Every structure is written in C-alpha cells, then in structure tokens.
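Colleague: Could you walk me through a few local features of this one before I set anything up?

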Amino acid sequence: MELVCPAGTPAALRAAVEAGAHAVYCGFSDETNARNFPGLNFSTEELTAAVAGAHKRGAKVLVALNTFPRAGAEKLWHQRLADAEAAGVDAVILADIGLLDYAATHHPKLRRHLSVQAAASNPDAINFYAETFDVKRVVLPRVLTVQEIAAINKEINVETEAFVFGGLCVMAEGRCALSSYATGLSPNMNGVCSPASHVVYAEEGPDLAAKLGGFTIHRTPKDQPAPYPTLCKGCFTSGEQTGHVFEDPVSLDARHLIPALAKAGVTALKIEGRQRSRAYVAEVVRAFRAATDALAEGRDLPLAELARLTEGQQATAGAYAKTWR
C-alpha cells in the first residue's frame, strides 16, 4: 500500500521522504489549497526543487488544489495547475468540478486525484468523476466504515485513498460553514479554518478567553494553557452542561485497521497534518511505514506509541467502526 504523507514546508517534505513516505502531498502558498495558513506551503521555486529531491529518493509529490475557485478569480487556480505541471508533480488533488474540467481539457497528461473535499462517498459519484474527468484516485471522506469502503471498491475502477491518522472533522468535507459563519473565511473557499487573523486571547476576570471572530470558543483559568480556538473543537454550554458540543479533542489512529483496509481494496493510506512540525511528520511517517512494510512482508503490525502526538492524547477509529450505531 502507498503511504501518502503531509508536508506544510520544504523541510517537512524532506523529513517525510527521509522517514519513508511513498508520496508526499503539499500546496502552494495561497488560497488554492485547504491549508492556507501563514508560514505554510510552497512557492513555485520551492515546489520544483522539492519534486526533484523527492524523485531522487523514489517518492512522489502530489499537489492539493482542493479549494473551490471564487467567481471571477479562477485564473489563480488555472495558473497553479500550469505551475504544478511545470514543476513535474506526479498528480494534482482537485475538488471543484469546474477545475477538474479545466485540468482535463488543458492539462490532460497531468494525473488527477479527487480530493476528500469533493465528498464523493458512493460508487455513482466516484464513477461520475472517473468517467467525466478521468480521475485516477479518490480520497474517501472520513464518514465510511471499512465494509462500506469494500462495497464501493467492488463497483469502481479507480484507486481509493483512506485517512489513517491525524485530525478529524465532524462535518462532511467541503461543506462546512462553521468557520465562514464566525469569520467570513472558510476552508472550502479560502483554505483556512478558524484563521489566526481572527483569533484573540483576552483576560476576563480570573479567566483567559480564547475567541474567534468575537465568539468565545474556550475559557480557561489564567494559569492554565489555553487551546487554539478551532470552532468545532471548542467548549460550549448547552442547557446545564458545558463541554465539547461538536467534537472532542481526539485524533484518528487506524493502524490496527490497515490489514482490513487492504482487504477492502484501498490503494493508499493518508496521514493528515500539513500544519504539523517536521518532527511530528517524521515520527508518524516512520511508524506507518513500519506498519505497511510489515503488512507487505506478512508480519504482525508494529504499533509504536503515538498517543502523545494525538489531540488530547486520545485516539479513535472514527467512522471506520461507527461504534455509536
């Protein structure tokens, strides 16, 4: 199975490749990708150099152009398609139907993957993208069980990629409006979720309030660490209870499900975390490369301790098991 790893910076990309990534995904330093945060991503020159370096080590580079172009601003996304092809990337990861059509028409030799942002979660949707835009791989939404993935793979003729580690999202990818509601900026259109430009930490009596767009997302005593105010992971009061109303701070860790995902026909395993440090990337990639190598050689999977790298030091199998049903 192919191990697809995140890189928010050239240094993180090198760390991922050195740790054993079969492929690395990244984005340009603008709103054309869903991790458009200050200090992250690549210039065209950095991407060209990164692709050359990765190819020397036998690794692929995939570029995410997975936001939805704004009306009247499509030229930026079109230019980035040309930049990605000129840099020699191995595939682009797209979500918008218009951009998929443009890529298929103007860059037919550039391999196309369907982003999780497209939220294609059934064979009819996936076959539409494959037949209409010659998409070669689909990144599956994090709402499917292993059994549902197996059923999908029986009815499609393209590769599937499944998330196995990192942050989770409570919304259907590509359709979340929470960040947009609070700040006017969304991951879908602007590449930013709960953007730092709208974050304020304010002392209020004995507490420190972490706010996003004027909304208080967390309130903690001044002598305790205040978390980043990501809206869906905030603490809110509902009725008489105060807690994580939308989502607990927890990370996906599906290493123990890798054999089942392979049996279900999954081609590639994806690690989330382009905003993470290169040290984080290197450690997680090494752990998952050891697991995929063990699977290929018929050995038991090593399950190195990664709990300290998870949100809230908690891990879950997420929707793969759907234990709440």
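Predicted model: local features only at pLDDT ≥ 70, side-chain atom pairs only at ≥ 80, totals over all residues.

Colleague: Let's start with helix α6, then; which of its residues are buried?

Modeller: In α6, which spans residues 146-153, the buried residues are Val 146, Ile 149, Ile 152 and Asn 153. Viewed down the axis of α6, these buried residues fall within an arc of 120°, so they line one face of the helix.

Colleague: And what do the buried residues of α6 pack against?

Modeller: Their packing partners are α5 (123-133), β7 (159-167) and α8 (258-263).

Colleague: Switching to cysteines, how many disulfides are there?

Modeller: The count comes to 0 disulfides. For Cys 5, the nearest cysteine sulfur is that of Cys 26, which is 12 Å away, and Cys 5 is itself buried, with a relative accessible area of 0%.

Colleague: Now the strands: in which sense do β8 and β9 pair?

Modeller: Strand β8 (residues 199-204) pairs with β9 (residues 207-212) in the antiparallel sense over 6 bridges, and Val 199 has Leu 212 in β9 as its bridge partner. Their hairpin has 2 residues between the strands, and Gly 205 takes a positive phi near 65° there.

Colleague: What about β9 and β10?

Modeller: Strand β9 and strand β10 (residues 215-221) run antiparallel and are joined by 6 bridges, with His 218 in β10 as the bridge partner of Ala 210. In the hairpin of β9 and β10, which has 2 residues between the strands, Gly 213 takes a positive phi near 55°.

Methods: Residues numbered from 1 in each chain as written. Heavy atoms only, no water. Buried < 20%, exposed > 50% of the residue type's maximum accessible area, 1.4 Å probe, protein only. Helix = DSSP H or I, 4+ residues; strand = E, 2+ residues; numbered from the N terminus. Arc of directions from axis to C-beta. Contact = heavy atoms within 4.5 Å. Disulfide = S-S within 2.5 Å. Pairing = 2+ DSSP bridges.
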